[in-house]
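Thanks for coming. I have one structure to go through this morning, and I will keep to what can be read from the coordinates.

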Amino acid sequence: SSDLAKKVRVPTPPDGKEGRMPRNINFAIRGEYITLDALLKAVGAADSGAQAKHRIAEGEVTVDGVVETRKTRKLRGGETVVVDDLAVVLVEESAA
């Protein structure tokens, strides 16, 4: 293990669940964009569109580190969406 790894402190999530490293996945956008609620369904963070919209409205989702409450925010690639312990990096399909 490197000395750098020992110096990096992982911030504690607001829910206080420590010790859980986020799972990182890349998600290729087909077409021009995907909406935030559709992304949550696509990656399994919501079972339905209604649940996705509820989770967004409750402030459970961040885009690039900022809480996002716009359910149909258009994601075009380059953003990082975090929900629970899942970090989704959006990439344009051509770049995937």
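First, the ground rules. This is a predicted model, so local features need pLDDT of at least 70 and side-chain atom pairs count only at pLDDT 80 or more, while totals for chains, interfaces and linings use all residues. Residues are numbered from 1 along each chain as its sequence is written, and side-chain values use heavy atoms, with hydrogens and water left out.

Now the layout. The protein chain has three helices and seven strands, and along the sequence they come in the pattern α-β-β-α-α-β-β-β-β-β. Helices here are DSSP runs of H or I with at least four residues, strands are runs of E with at least two, and both are numbered from the N terminus. Of the 96 residues in the protein chain, 27% are buried. Buried means under 20% relative accessible area, exposed means over 50%, and partly exposed is in between, with a 1.4 Å probe and protein chains only. The exposed surface comes to about 6,500 Å², and carbon and sulfur atoms supply 49% of it; these areas come from the Shrake-Rupley method with a 1.4 Å probe, and for residues only the protein chains shown count as cover. Take the contacts between residues at least 6 apart in sequence: 49% of them join residues at least 24 apart. Contact means heavy atoms within 4.5 Å.

Five strands make an open sheet in the order 1-7-6-3-4, with mixed pairing. Which strands stand at the edges? They are strand 1 (23-29) and strand 4 (66-67); each has a single partner strand, so one side of each is left without a neighbour in the sheet. For pairing, DSSP has to find at least two bridges between two strands.

Strand 1 runs parallel to strand 7 (residues 86-92), and seven bridges join them. Within that pair, Asn26 has Val89 as its bridge partner, and Ala28 has Val91. Strand 6 and strand 7 form a hairpin with two residues between them, and Asp84 in the turn has a positive phi of about 55°.

On to the core. The largest nonpolar core has 19 residues, and those touching the most other members are Leu39, Leu40, Leu75, Val81 and Leu90. Strand 1, helix 2 (36-42), helix 3 (49-57), strand 3 (61-63), strand 6 and strand 7 each supply at least two residues of this core. A nonpolar core is a set of buried Ala, Val, Leu, Ile, Met, Phe, Trp, Tyr and Cys residues joined through side-chain atoms within 4.5 Å. What does Leu75 contact, leaving aside its neighbours within four places in sequence? Its contacts include Ile29, Tyr33, Leu39, Val63, Val81 and Leu90, and also Glu32.

Now the charged pairs. The structure holds seven salt bridges, each a side-chain nitrogen of Lys or Arg within 4 Å of a carboxyl oxygen of Asp or Glu. Glu60 and Arg55 meet in one of them, at 2.6 Å, N to O. Arg55 is buried, at 10% relative accessible area, whereas Glu60, at 36%, counts as partly exposed.

Glu68 is buried, with a relative accessible area of 6%. Separately, salt bridges that share partners join Arg55, Glu60 and Asp84 into one network.

Arg73 lies in the loop between strand 4 and strand 5 (74-75) and counts as partly exposed at 22% relative accessibility. Arg73 and Val63 are 10 residues apart in sequence and 9.7 Å apart in space, C-alpha to C-alpha. Beyond four places in sequence, Arg73 touches Ile34, Thr35, Leu36, Val63, Glu68 and Glu79.

Asp37 is in helix 2. Is Asp37 buried or exposed? It is buried, with a relative accessible area of 7%. Past its neighbours within four places in sequence, Asp37 is in contact with Ala52, Lys53, Ile56, Lys71 and Thr72.
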